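Look at the structure first, then read on.

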Amino acid sequence: MSGTMMAVVYHGKGDLRFEERPIPTILDSRDAIVKVGMSSICTSDFHIRNGAVPRARENVILGHEFAGEVVAVGDAVKKIKPGQRVAANVETFCGECWFCKQGFVNNCVQGGWELGCRIDGCQTEYVRVPFADNGLTVIPDSLAYEDVIMLSCILPSGYFGAELAEIKPGDTVVVLGAGPVGCTTMMSARLFGPACIVAVDPIGERLDFAKKNGWCDVTVNPNEEDLEAVVKGLTDGRGADSVIEVAGGKNTFETAWKVARPNGIVSLIAMYEEAQSLPLHLMYGKNLTFKTGGVDACHNDVLMKLIEGGKLNCRPLITHTMPLNDIMHGYDIFEHHLDGCVKVAITPYER
């Protein structure tokens with residue numbers, strides 16, 4: 001293939017441009033080229049734009065959430081074939097290093113979060129995917145792109161947060177943030193059998209949305225209610241068994257450890273743009289366990305089966321759909337939560 005395509009390109013802090021770029025080609029025998037059938041915009045794209053991701057490189061096409069059709073593969077690719085529909089993984093990983101063999105794919109010595117951060121991503125028409133056998137999951141015929149687009153990032157992120165939280169049947173779980181990742185965190189937490197999931201967000205529409213879809217049992221707007229009092233009321237005064245911090249707000253880290261019960265788990269999957277304080281003298285004796293990090297998206301095959309089996313349904317998250325031509329408008333809608341926006345699906349460029 002040759003020619004050009006349209007793409008959203010990061011040129012430095014505060015500078016995103018929609019412009020022409022060359023169509024990618026195979027650079028390594030383990031690569032695949034995927035024609036994008038659907039992509040999306042992630043909050044972490046804004047973190048890059050805002051200069052809050054030090055590892056991000058300039059002159060890179062943004063985006064890491066996508067599904068599409070394989071159009072070419074390198075000679076060393078064994079599992080993925082041209083013509084297959086696939087969902088991409090936010091993580092690039094070799095599958096062979098010590099970290100990958102432990103399931104810690106976010107820290108692969110040859111990868112990690114690469115697509116749309118350090119190498120060209122998916123807010124375009126074609127993408128080169130390194131280590132394609134690991135980074136792509138074949139989509140069953142019964143599923144549409146709308147069913148699996150969240151498998152790239154926000155669903156494995158939510159599952160990762162729930163997994164870190166060590167949820168046990170009957171637990172009370174607090175999820176801070178009811179945006180897209182908050183919702184996938186709640187639906188993933190359901191898989192572990194908690195008695196009560198409490199969604200916390202200052203935006204009432206988000207809380208209503210999560211409750212309507214059955215992803216939470218109790219909603220709390222911290223601007224209107226005393227969250228600590230609500231949680232203690234639900235737990236005989238103990239506090240939450242697990243708290244999953246997704247929001248990354250100004251005070252949400254502090255809220256997370258405050259509402260957790262003694263000996264509870266605080267799972268941190270939020271991406272912060274500012275340094276957070278860990279006041280150990282204030283939490284002394286609470287004996288909390290903190291778990292934090294970027295998603296180890298090593299369960300995508302399992303998550304695909306759960307979607308196919310009807311155990312997970314991310315489709316309601318798509319509230320807006322538009323072609324790549326209008327993606328900068330999509331950025332505005334998503335960033336400012338306009339028109340009830342939860343997630344924007346981007347369809348191919350229209351010529």
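## Two helices side by side

Helices α8 and α9 are roughly parallel to each other (an angle under 35 degrees; over 145 is roughly antiparallel, 65 to 115 roughly perpendicular, the rest oblique). The axes of α8 (residues 227-234) and α9 (residues 252-259) come within 10 Å and cross at roughly 25°. Axes are lines fitted to C-alpha atoms, for helices over the stretch in contact, and angles run from 0 to 180 degrees between N-to-C directions. Helices (H or I, at least four residues) and strands (E, at least two) are DSSP runs, numbered from the N terminus.

Which residues make the contact? From α8 come Leu 227, Glu 228 and Val 231; from α9 come Thr 255, Lys 258 and Val 259. Contact means heavy atoms within 4.5 Å.

## The sheet

Six strands form an open sheet with parallel pairing, in the order β13-β12-β11-β14-β15-β16. Two strands pair if DSSP finds at least two bridges between them. β13 (218-220) and β16 (289-292) stand at the edges with a single partner strand each, so one side of each has no neighbour in the sheet. Neighbouring strands are turned by 20° against each other on average, direction ignored.

β12 (residues 196-200) runs parallel to β13, joined by three bridges. Ala 199 stands opposite Thr 219 in β13.

## Helices on the sheet

Helix α5 (residues 154-164) packs on the sheet and touches β14 (240-245), β15 (260-268) and β16. The direction of α5 makes about 155° with that of β15. α9 also packs on the sheet, touching β11 (172-176), β14, β15 and β16.

## About the model

This is a predicted model: local features need pLDDT of at least 70, side-chain atom pairs count only at pLDDT 80 or more, and totals for chains, interfaces and linings use all residues. Residues are numbered from 1 along each chain as its sequence is written, and side-chain values use heavy atoms, leaving out hydrogens and water.
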